Amino acid sequence: MKRLLSALLAAGVLFAPAYATAQSAEPSAVEGTAQEAAPAASGETTATDEHAAEAHTPHYPLEKPEMLSWSFAGPFGKWDIGQLQRGLKVYREVCASCHAMDLVAFRNLEALGYSDAQVRAIAAEYTITDGPDSSGDMFERPGIPTDRFPSPYPNDQAAAASNGGAVPPDFSLIAKARAVERGFPNFVFDIFTQYAASGPDYIHGLLTGYGREVPEHIEIQPGTHYNPFFIAGPALAMAQPISEGQVTYDDGAPETVEQYSRDISAFLMWAAEPHLVKRKATGFVVMIFLVLFAGLMYAVKRRVWASTPH
Ligand code: HEC
């Protein structure tokens, strides 16, 4: 009896708030005066209104990014060094004027096939604020290989002031920091297909997602730019950063927004996880070892228990 009572009490506690919200929502849904209307009719109105409200409740991003095939995807993934070099070029010539890469040092670029002299030349293009010197003042000097890709702004406030109130995020980990919700059943399949390129797919989608017509029911705040691939709203403070032919490629790759977006996305994946290829190679060897070791253990077990009757 006691149990039944407490179960009833729990049910009451659980459902009372839901009932109260439904009650309070009803008057607005049926416009107050129509409260005495037939219950069936009022129920119908509420249902359609709820449906309409659901249709207008936006779920971001408005469009899911396309799944591209990346050279580094899958258990045998490898970097496409040419692509990474092109991505670096896009970053240096376009994105670096707003986005820093505070965890990537110039000397890390040796992994992309640049010689020490080339790395020094790239580093020297940047001005680094260093100090304080012996008189306590900060001073500026050209970059050296151990410096990191600096922010073009002295601080976040300055960055926000020049970008309509939004700070351009640091690029060091951006490819790992953004991932679009995959939804059921995709996230189950992802476990088996080892899909881990959500970040680069997102960045590619974002960069190629500008210039579309704004749907009627969507309101764009002044100073922001519509992009259905943006993860946090219908529009973002960054205008389309790159256009056709803006960066010259010297390896014959097409100079299109599509290609630029792929290259910068791959480059940002490398920046976020430079040891990705090595990690996968090590993982593969470990799996082979574990299989052999399991076989060995089984053989040992058979030998150890061979003379024990059972
Ligand atoms: C004129 C400055 C400027 C340039 C140049 C620029 N960006 Fe941005 N970027 C911004 C700002 C500002 C934001 C923050 C937008 C926001 O949160 O509304 C941003 C945000 C982003 C984001 C994060 C979006 C998110 O999900 O939060 C990515 C990715 C990005 N930029 C990529 C790029 C790439 C790639 C380039 C170079 C091709 C580039 N940007 C060039 C200003 C810039």
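**Ligand shell, helix packing and local backbone features**

In this predicted model, helix α8, spanning residues 198-208, supplies the largest share of the shell around the ligand, namely three residues. The shell comprises 22 residues, of which Cys 95, Cys 98, Ala 237, Met 238 and Pro 241 come nearest to the ligand.

The crossing in which α8 passes α9 is right-handed. On the side of α8, the contact is made by Gly 199, Pro 200, Ile 203, His 204, Leu 207 and Thr 208, while the residues contributed by α9 include Val 257, Glu 258, Arg 262 and Met 269. Seven nonpolar, five polar and two charged residues make up this contact of α8 with α9.

Several loops show particular backbone features. The peptide bond from Tyr 60 to Pro 61 is cis, with omega near -5°, and Pro 61 lies in the loop between α2 and α3. A cis peptide bond likewise leads from Gly 131 to Pro 132, with omega near 0°, and Pro 132 is placed in the loop between β2 and β3. In the loop between α7 and α8, Gln 194 has a positive phi of about 60°, although this residue is not a glycine. Gln 194 counts as exposed because it has 12 C-beta neighbours inside 10 Å.

For residues 281-300, an unreviewed UniProt entry lists a transmembrane region. In the model this span is 100% helix and 0% strand, and its end C-alpha atoms lie 29 Å apart.

Note on methods: Residues are numbered from 1 along each chain as its sequence is written. This is a predicted model: local features need pLDDT of at least 70, side-chain atom pairs count only at pLDDT 80 or more; totals for chains, interfaces and linings use all residues. A residue is near a molecule or strand if its C-beta atom, placed from the backbone, lies within 6 Å of it. Helices (H or I, at least four residues) and strands (E, at least two) are DSSP runs, numbered from the N terminus. A crossing is left-handed if the near helix is turned anticlockwise from the far one by less than a right angle, and right-handed if clockwise. Two residues are in contact if their C-beta atoms, placed from the backbone, lie within 7 Å. Ala, Val, Leu, Ile, Met, Phe, Trp, Tyr, Cys and Pro count as nonpolar, Asp, Glu, Lys and Arg as charged, and the others, Gly among them, as polar. UniProt positions are given in the numbering used here, feature names are shortened, and annotations may be inferred rather than shown by experiment. A residue is buried if 20 or more other C-beta atoms lie within 10 Å of its own, exposed if 12 or fewer, and partly exposed in between; C-beta atoms are placed from the backbone.
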